[in-house]
Amino acid sequence: MGQNAKATDFLKECMADALIQKMQEKPFEKVTVNEIADLAGVNRSTWFRNFKTKNEALSFKIVILWNRYRNDHGLASEKYTLDNARDFFAFTYENRFLLQLAYTAQIQSSIYDGFYQIMMSQYDGSAYECYRGRFYSYALFGLLDEWVKRNFSESPADLSTIFHKIIQS
């Protein structure tokens with residue numbers, strides 16, 4: 001990744017972080033781009049050069065957090081795979097505050113979009129691979145959705161066991 005890409009990702013993350021901070025202060029729909037840009041220390045035009053929507057900024061943050069988690073935990077795969085379901089659930093548990101914030105704002109689609117980007121960019125192949133990837137991304141999101149609604153009552157290991165039991169049945 002070149003210097004410009006790193007600088008752009010840094011600015012995008014600053015704006016996503018500013019949005020998350022504002023979401024803790026007021027309802028999502030009332031957070032303005034001007035407030036986000038001011039808090040992030042950028043111009044309004046920088047926001048629109050990088051994001052179309054606030055939801056897109058949250059999805060970007062999910063992807064950045066996954067990549068950081070993957071690097072910090074020495075995960076071999078750059079992308080989410082079915083073999084690292086336990087890591088996926090541990091990651092989501094570690095970031096449950098952000099997920100709960102998105103659910104409170106009723107923008108859980110931003111969470112799904114981030115996870116979809118993590119999973120699906122690896123499926124550039126056949127129609128089968130694309131459909132399979134979409135199937136599993138929705139299935140995992142369905143489990144995650146229930147887990148959030150149950151206030152993360154199971155451990156990541158428990159949820160991984162449930163997931164593997166479901167796909168084997």
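User: Happy to look at this with you! Where is N50 found, and is N50 buried or exposed?

Analyst: In this predicted model, N50 is found in helix α3, which covers residues 44-50. Its relative accessibility is 17%. Buried means under 20%, so N50 counts as buried.

User: Which residues is N50 in contact with, beyond its neighbours within four places in sequence?

Analyst: Within the chain nearby, a polar atom of the N50 side chain lies 2.7 Å from the backbone oxygen of T46. Leaving aside neighbours within four places in sequence, the residues in contact with N50 are T8, K12, M15 and E56.

User: Which residues of α5 and α8 meet, and how many of them are charged?

Analyst: From α5 come F88, F89, T92 and Y93, and they meet L140, L143, L144 and W147 of α8. The residues of this contact divide into 7 nonpolar and 1 polar, and the number charged is none.

User: One last thing: which residue just after α6 takes a positive phi?

Analyst: Helix α6 runs over residues 96-104, with L98, L99, L101, A102 and Y103 buried. Just after α6, a positive phi of about 60° is taken by Q106.

Definitions and conventions:
Residues are numbered from 1 along each chain as its sequence is written. This is a predicted model: local features need pLDDT of at least 70, side-chain atom pairs count only at pLDDT 80 or more; totals for chains, interfaces and linings use all residues. Side-chain values use heavy atoms; hydrogens and water are left out. Helices (H or I, at least four residues) and strands (E, at least two) are DSSP runs, numbered from the N terminus. Buried means under 20% relative accessible area, exposed over 50%, partly exposed in between (1.4 Å probe, protein chains only). A polar contact is a pair of N or O atoms within 3.5 Å; within protein, one must be able to donate a hydrogen and the other to accept it, and residues adjacent in sequence count only if both atoms are side-chain atoms. Contact means heavy atoms within 4.5 Å. Ala, Val, Leu, Ile, Met, Phe, Trp, Tyr, Cys and Pro count as nonpolar, Asp, Glu, Lys and Arg as charged, and the others, Gly among them, as polar.
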